[in-house]
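Hi there,

Here is the structure I promised to pass on. Please have a look at it, and then read my notes below.

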Amino acid sequence: MARRVRELTPEKSARHLFGAEIRRRREQAGMTLDGLSEVVRYSRSHLSRIEIADYVPPPDLAAKLDAAFGTDGIFERIYALARHDVHPDKYRRRMELETRARLIQEYAGCFIPGLVQTEDYARTIFRLSDPRRSESKIEEMVAVRMGRQALLRSDAPPDVSYIIDEAVLRRPVGGPRVWRAQLAALAEVANTSTSILQILPFAHGEHPLMGGHLVLFTLDDDTVIAYEESITTIESLEEPGYVSRHQRSFEVLGAFALSPSDSRAFIQAIVEDLPS
């Protein structure tokens, strides 16, 4: 018996629209999934799951599909929407702000910022945050997180400033191999043309952002939006008084944090102390 084709609802979900468009373009071209697999270099099974909207497409697939079908950026435009489908509304707001921001300032007190996480670090965090989460769901979330990072490699990336608490660097995640690679990735963004990273050392003592995670998004019109995150809550703040207070807190931390060059050396020293 032939396998029943899953019915998609492209009018309700960008992920379903992406899958439906693959199916439609592929059938118009008289192409099988095996044939498409050879063109875009993704396995037949992976493409099948994307086509029935079980998986969010990986970041580089959209451009390959546009090239394969000559669709002039249609798949890339749909992907820009579909990649948000994996997250609930409270996370979509942050992802939308990331794409609109000309400046992103982030204080991380508990974990590595998502825009500079490695795949293995992200995979470990997603697995630990919900032990019942399926492996396929974890891989889907990792793909979306890696897709967010394409923003930093775009033709017009935002400027990014990170302040990372020393506590984050003293808690190895995923074992020596994963942690070593993650620290190396951090060191690479310590001082580039579009990014700086500073470590806030334990020696500074108490500070106004202890126990939280803060992101400040400055948009093209100079509007600043503050985004707070804790274990169970996420809040987007636009009221000028709250935003101004958080901006000042970030400035204070930057004044007491290590310089980018000293922060890189600090990270490298931790790497050298890791077991081989």
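Let me start with the rings: those of Phe, Tyr and Trp (its six-membered ring) pair if their centres lie within 6.5 Å, and planes under 30 degrees apart count as stacked, over 60 as edge-to-face and the rest as tilted. By this rule there are four aromatic pairs. One of them is F69 with F75, a tilted pair with 6.0 Å centre to centre and 35 degrees between the planes.

Before going on, a word on the source: this is a predicted model, where local features need pLDDT of at least 70 and side-chain atom pairs count only at pLDDT 80 or more, while totals for chains, interfaces and linings use all residues. Residues are numbered from 1 along each chain as its sequence is written, and side-chain values use heavy atoms, with hydrogens and water left out.

Back to the Phe residues. F69 counts as buried at 16% relative accessibility, and F75 is buried with a relative accessible area of 0%; buried means under 20% relative accessible area, exposed over 50% and partly exposed in between (1.4 Å probe, protein chains only). Together with F18, F69 and F75 form one aromatic cluster.

Another pair is Y121 with W179: the ring centres are 6.2 Å apart and the planes lie at 25 degrees, so this pair is stacked. Since Y121 sits in helix α7 (residues 119-129) and W179 in helix α10, the pair ties together parts that are 58 residues apart in sequence. Helices (H or I, at least four residues) and strands (E, at least two) are DSSP runs, numbered from the N terminus. Y121 is buried with a relative accessible area of 1%, and W179 is buried with 2%.

Which other residues of α7 are buried? Besides Y121, they are A122, R123, T124 and F126. Their cover includes α8 (135-148) and α10, where contact means heavy atoms within 4.5 Å.

Helix α10 (residues 176-188) also packs with helix α12 (residues 260-273): their axes come within 9 Å and cross at roughly 165 degrees. Axes are lines fitted to C-alpha atoms, for helices over the stretch in contact, and angles run from 0 to 180 degrees between N-to-C directions. The two helices are therefore roughly antiparallel (angles over 145 degrees; under 35 is roughly parallel, 65 to 115 roughly perpendicular, the rest oblique). In this contact, R180, L183, L186 and A187 of α10 meet R264, I267, I270 and V271 of α12.
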